[in-house]
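Reader: Could you take me through how helix packing and a nonpolar core are read from a model?

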Amino acid sequence: MSAPTKSSKSPSPTPPRPNVATGTPFWHNPCGTLLTYDGSGGGATGAMISSAVGHDIMMMESESESDSAMRREEDIIHGIVVAAGQALTHAEQFTGAFVVETFHVDVKKNHDHWKGITLEWLEMAKYMPKALDVPLSKSYLATLTFRDVLHAVYVGMQNLAVGLEQVALDQDREMLPYAKYFNETTLKLRTILCEVSMAIYDINETPEPHVSRDIMPIESRNSRDNQSLRDWLILREYMTSLQYVIEAFGYLKSKR
């Protein structure tokens, strides 16, 4: 099975300029103004943060003013796991249809065919070493610490944000049928990054420097012939990372 390709009438004499988002990346200020996607093809639009994340921010402000104790680690873990679970459910709701329509096989066959292919610039093996639908081993889980997992997930999720932003941008620009869903994944990911960043501050530590858009190679942004495969690989790693978050933090909570 080969990756779907897009036909072209004639090769371009020079590589096309990448279509790169501008402005401050959403993962640089995940707890700021959240976005909503209106499905118009114009991308995401601004809306103030709300629900659980907004409540947490108000609680943080209240706690700061009253010098009260920070949230317990169990509460932090709960917020992260809930956000990751909701994001995973959302991704699973459209992944099957996306894969069938794009690759003409089901998710399992598609995954089995491409599971040996990775996007090295995502560095998933470094930050969240896991394979899709393969549980983390007990021996690996036993090595985890709350602080180390927080920092690793924060960087790894930002790497994924770089890729998902580009996927959503390309889907939106070309008015592809799954543009709405990929835009929504960036919103789900932003919520998780907000939870993780707040957790890092809650334990009186400083998050790692923000990840730059430059980690994504130009050839990945310009991969028109293999764009569908690139999109699948990023989506696969996104879902795998969500499984990692749920399993790793679930284990840490069980040891409290």
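Author: Helices (H or I, at least four residues) are DSSP runs, numbered from the N terminus. Isoleucine 234, for example, lies in helix α9. This is a predicted model, in which local features need pLDDT of at least 70, side-chain atom pairs count only at pLDDT 80 or more, and totals for chains, interfaces and linings use all residues. Residues are numbered from 1 along each chain as its sequence is written, and side-chain values use heavy atoms, with hydrogens and water left out.

Reader: Is isoleucine 234 buried or exposed, and which residues does isoleucine 234 touch?

Author: Buried means under 20% relative accessible area (1.4 Å probe, protein chains only), and isoleucine 234 is buried, at 0%. With contact taken as heavy atoms within 4.5 Å, and residues up to four places away in sequence not counted, isoleucine 234 touches Leu119, Trp121, Leu160, Gly163, Leu164, Val167 and Met216.

Reader: What should I look for in the largest nonpolar core?

Author: In soluble globular proteins, nonpolar side chains tend to be buried together. A nonpolar core is a set of buried Ala, Val, Leu, Ile, Met, Phe, Trp, Tyr and Cys residues joined through side-chain atoms within 4.5 Å. Here the largest such core has 63 residues, of which Met157, Tyr238 and Phe249 touch the most other members. Helix α6 gives the most to this core, with 14 residues. Leaving aside neighbours within four places in sequence, phenylalanine 249 is in contact with residues including Ile77, Ile80, Phe146 and Leu150.

Definitions and conventions:
Buried means under 20% relative accessible area, exposed over 50%, partly exposed in between (1.4 Å probe, protein chains only). Helices (H or I, at least four residues) and strands (E, at least two) are DSSP runs, numbered from the N terminus.
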